[in-house]
Amino acid sequence: MRTSRPAANGLRINHVRVLFTGSGTNITYLTMLSPFIPAASTQAYLAQIPQEIQQRAGDYTQGNHWLILFSALVGILINVLVIRSRLLERVHTHWERKRTRPWSGALVVGATYYIVAWSLDLPWAVYAKWWREVRYGLNTQTAGAWLAESVIGAVFTGILLAVMLMLLYALIRRAPRTWWLWSSALTSTMIVFAIVIAPVTIEPMFNEYKPLASGRNHDLITALASEAGIAPDRIVSYDGSKQSANYTARVTGLFGTSRIAVSDALLTQASQAELRAVVGHEIGHHVLHHALLLALAYSALLTLAFLVTHLLYAPLVRLLRADGLAGPADPAGVPILSIIVTATFLVLTPVTNGLVRFVENQADVYSLGHAREPDGMAIALLRTADYRAADPGAVEEWLFYDHPSIARRIERAMEWKHQHRNGR
């Protein structure tokens, strides 16, 4: 592997310095000393992050840790308020007087629940998902644009959730003792269905997706995809800069709808090495079927959460004095289910984060072996250092990080470079 590569100004370089200027980055080049030492190279990369960026990223990251707890507590409080209001009980009773089919009652109650819960959660969502992101320079949307997208997303989510609750409560009625076990088939089907239809029905509501424009980036990306057996029409670009200045790429869809979407910000800001590294990472997700793997894993965790619901439903009803609920099969009790599932997933945060870190690690390894751009990967990772604390402690990373830390990912890239520096 070549240890140096022509820079834009014709110099040959071994290492890259990323200079942070506000929300953007400028790149200049430094020559590294021999011999090549992975640990020293990793520290050299991390040392390029200015102190003020480290401080801001640390504040943002620590705040995200607290948001995990506070978001769960807000959700639980909202569910308690819905239970206390007895609104869902009244809706269900009123509907059952006119309709004899229980599935329709569950559908209506589920839709009502989501509308009420989403409305009550909106002030918190404005703070946590918009205002805070704007404050840290990570969201470029106006409040109106963000709210419009939130409403669109809520409509799609509400429909899918209402249908899932309708089917779930039908399952509870048919198998009151083992419904939680059979729920795995339902949740996995619904999750996979949502992933499959997203590129066709949901994502175009938020961004414009189109084929890659011809040129250097098109040739580079399609060549990389072709080496992995991915057809060029599976790679598209989208106007991600509408929402954020961060450059990124992602895998969406499953089976016939799967594709790799590359943000316009990535296409305009990244060097060839960065672009190859980032797209190679996403190709890894695609080739290794990570979307399907995570869908099945989350379905298994939901099954566990439903088991906890089965065991704790009656005690929680008594604790909250929700005497009007007829039992677990009563769709008016969906806030009880939501409280238990929310609390269960809060406890499982290290597990869910670990699942995502696992597939991200695999995608990094795939990119290094396929795109062979360790320095490109390191530079791309440094560009995320303004919203991810780069070098957390091992316990903090295990508990709270849903991606491997920047330091660990760069270290892996440098180790790969050290092992393969005489290749290629």
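Is Y136 buried or exposed in this predicted model? At 13% relative accessibility, Y136 counts as buried. The close-up views below take up this residue and several other side-chain contacts.

**View 1. Y60 and Y136 form an aromatic pair.** The whole structure holds 6 aromatic pairs. In this one, the ring centres are 5.0 Å apart and the planes stand at 65°, so the pair is edge-to-face. Distant parts of the chain are linked here: Y60 belongs to helix α2 (residues 51-85), while Y136 is in the loop between α4 (102-135) and α5 (143-174), 76 residues apart. Y60 counts as buried, at 7% relative accessibility.

**View 2. W124, Y127 and W131 make up one aromatic cluster.** W124 counts as partly exposed at 21% relative accessibility, and Y127 counts as partly exposed at 34%.

**View 3. W66, L69, F70 and L73 make a nonpolar surface patch.** The patch covers about 380 Å². One of its residues, L69, is found in helix α2. L69 has a relative accessible area of 31% and is partly exposed.

**View 4. R259 contacts both Y209 and E203.** R259 lies over the face of Y209, 4.1 Å from the ring centre. The side chain of R259 also meets that of E203 in a salt bridge (3.1 Å, N to O).

**View 5. E274 and R383 form a salt bridge.** Their side chains meet at 2.4 Å, N to O. E274 is in helix α9 (residues 272-287) and R383 is in the loop between α13 (374-382) and α14 (394-400), 109 residues apart. Both E274 and R383 are buried.

**View 6. D364, R409 and R412 are linked in a network of salt bridges.** The side chains of R409 and D364 meet at 2.7 Å, N to O. This pair joins helix α15 (residues 406-420), which holds R409, to helix α12 (residues 349-370), which holds D364. R409 counts as buried at 7% relative accessibility, and D364 counts as buried at 1%.

Terms used
Residues are numbered from 1 along each chain as its sequence is written. This is a predicted model: local features need pLDDT of at least 70, side-chain atom pairs count only at pLDDT 80 or more; totals for chains, interfaces and linings use all residues. Side-chain values use heavy atoms; hydrogens and water are left out. Rings of Phe, Tyr and Trp (its six-membered ring) pair if their centres lie within 6.5 Å; planes under 30 degrees apart count as stacked, over 60 as edge-to-face and the rest as tilted. Helices (H or I, at least four residues) and strands (E, at least two) are DSSP runs, numbered from the N terminus. Buried means under 20% relative accessible area, exposed over 50%, partly exposed in between (1.4 Å probe, protein chains only). A charge sits over a ring if NZ of Lys or CZ of Arg is within 6 Å of the ring centre and within 35 degrees of the ring normal. Patches are made of residues with over 30% relative accessible area and no salt bridge: like charges are joined within 9 Å, nonpolar side chains (Val, Leu, Ile, Met, Phe, Trp, Tyr) within 5 Å. Accessible areas come from the Shrake-Rupley method with a 1.4 Å probe; for residues, only the protein chains shown count as cover. A salt bridge is a side-chain nitrogen of Lys or Arg within 4 Å of a carboxyl oxygen of Asp or Glu.
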